[in-house]
Amino acid sequence: MKKVHLAVRSASREHVQSLIREALEPGFKSMAQGLFRSQVESMFDHALQAELAEHLGRTTYERNGQGPWRNGSKTVALPSPMGALSVEKPVLRKGGFRSSLLSLLRDGMDQAIEVICQRTWLRGLSTRAVASEMRQLTGAKLSASDISEMTDKLLPSIDQWRQQPIVPVRILYLDALYVPVRRGGETSKQAVLVAIGVDDQRMRHFLGWLVGDRETTESWNALLADLKDRGLGRPALVVSDAHKAIRAAVTSQLGVDHQLCVVHKMRAILSQVQRVDQKAFSEDFKAIFWADGKHSARSALANLQQSWAKTYPKLVAKAGDEFEEFTRFFDQPQELWGLCRCSNIIERFNEELRRRLDPARIAVADKSLDKIVHVVATEQQKRWDRQKLPSTHLNRLRKAA
């Protein structure tokens, strides 16, 4: 009996799989799309005839002895996300009928196509590529300049976003990435300075960005000054890499504790350790920053120096450099240590931003770069709003160490 049940299940599964394969065949999909399009066209045709009947005050075959009279219909191409639709627009013998419904349909389809163009461009295609694809898919007569105008409609929302106040944050993350930007006929690397915060409930917030020629103290001062004007307040801790410009700007603008990224330091040192010693050295090195307190971290540093000073004297010295700046996270509540120890949160955001920028190769102008950063930040913020970051506990620290 068990074999019979297994045979029935196998046959049923194969039948379902065959149906799915059939449904995914191009011929089947094109037939389904054709049927759906014809239904939509028929629905629009009936709606336009009903609008004309209301305009005339009589149905198709009803007569009242006076005009105007119907004079058939005219085929009109209506661009849409489903492709160009053929709609039969009713015509009167002496004219005088302007379909408000058809105008509404055009506006609605144009808006839908505009949204699709914006989102397609934001996924990495150039304006010329988007225009070409949309011409084939929707039947709309679009050019690269049309796509630019559509995406420019995002600019007012960016200006509005930049004026809104920001929420108070406990931890402020700062980082930058360089992207190629074309200005006129020249292309140069531009620094995109990014700021992200985490509040007391461990919720992430995208705070702002600034595009500058270089990652300088002046550019970081400008970004932090803007954040202060919008209500940044005084975060308990700033987390970043050891870039001199960031450190100088944090000191002058905020004057708060500055945690340097532990992961950056570990990568720089471990990359110079011989492969045969990588595992043992890494465990001793990691024990410093994954300790259960600053006192234990000092003991772990002493152990690293005792075990490896003869083999790697320079690396051991670097491991102990700026010990206070790399262990300020111990002064924060224990459940936040994992968030304060490194700048992974903002680096993950920058990776997502770079993933979006890579297909385009070159951002056309600063405003194009602003549009991309804003949309990526908005999409990330929607994800962040659904989930708070996990807390750190001693048992997790000991396990990680």
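The legends below describe close-up views of a predicted model.

**View 1. The five-stranded open sheet.** The sheet has 5 strands in the order β5-β4-β3-β6-β7, and their pairing is mixed. β5 (204-212) and β7 (258-260) form the edges, each pairing on one side only. Averaged over the sheet and with direction ignored, neighbouring strands are turned by 25 degrees against each other. Strands of a sheet pair through backbone hydrogen bonds, either parallel or antiparallel.

View 2. Strand β6 (residues 237-240) runs parallel to β7, and the two pair over 3 bridges. S240 has L260 of β7 as its bridge partner.

**View 3. Helix α15 on the sheet.** Helix α15 (residues 344-357) packs on the sheet and touches β3 (171-183), β4 (186-198) and β5. The direction of α15 makes about 20 degrees with that of β3.

**View 4. The salt bridge between R230 and D226.** The closest N and O atoms of R230 and D226 are 3.7 Å apart, and the two residues form a salt bridge. Are R230 and D226 buried or partly exposed? R230 counts as buried because its relative accessibility is 8%, under the 20% limit. D226 has a relative accessible area of 33% and is therefore partly exposed. Side chains of opposite charge can pair when their charged atoms come close.

**View 5. The salt bridge between D331 and K294.** D331 forms a salt bridge with K294, with 3.7 Å between the closest N and O atoms. D331 lies in the loop between α13 (323-326) and α14 (337-340), while K294 belongs to helix α11 (residues 294-308), so the pair ties together parts that are 37 residues apart in sequence. With a relative accessible area of 47%, D331 is partly exposed.

**View 6. The salt-bridge network that includes D331 and K294.** Which residues are linked with K294 and D331 in a network of salt bridges? The network links K294, R298, E324 and D331.

**View 7. The salt bridge between E325 and R328.** E325 and R328 form a salt bridge in which the closest N and O atoms are 3.6 Å apart. The relative accessible area of E325 is 23%, so this residue counts as partly exposed. The count for the model comes to 9 salt bridges, among them the pair of E325 and R328.

Note on methods:
Residues are numbered from 1 along each chain as its sequence is written. This is a predicted model: local features need pLDDT of at least 70, side-chain atom pairs count only at pLDDT 80 or more; totals for chains, interfaces and linings use all residues. Side-chain values use heavy atoms; hydrogens and water are left out. A salt bridge is a side-chain nitrogen of Lys or Arg within 4 Å of a carboxyl oxygen of Asp or Glu. Buried means under 20% relative accessible area, exposed over 50%, partly exposed in between (1.4 Å probe, protein chains only). Helices (H or I, at least four residues) and strands (E, at least two) are DSSP runs, numbered from the N terminus. Two strands pair if DSSP finds at least two bridges between them. Axes are lines fitted to C-alpha atoms, for helices over the stretch in contact, and angles run from 0 to 180 degrees between N-to-C directions. Contact means heavy atoms within 4.5 Å.
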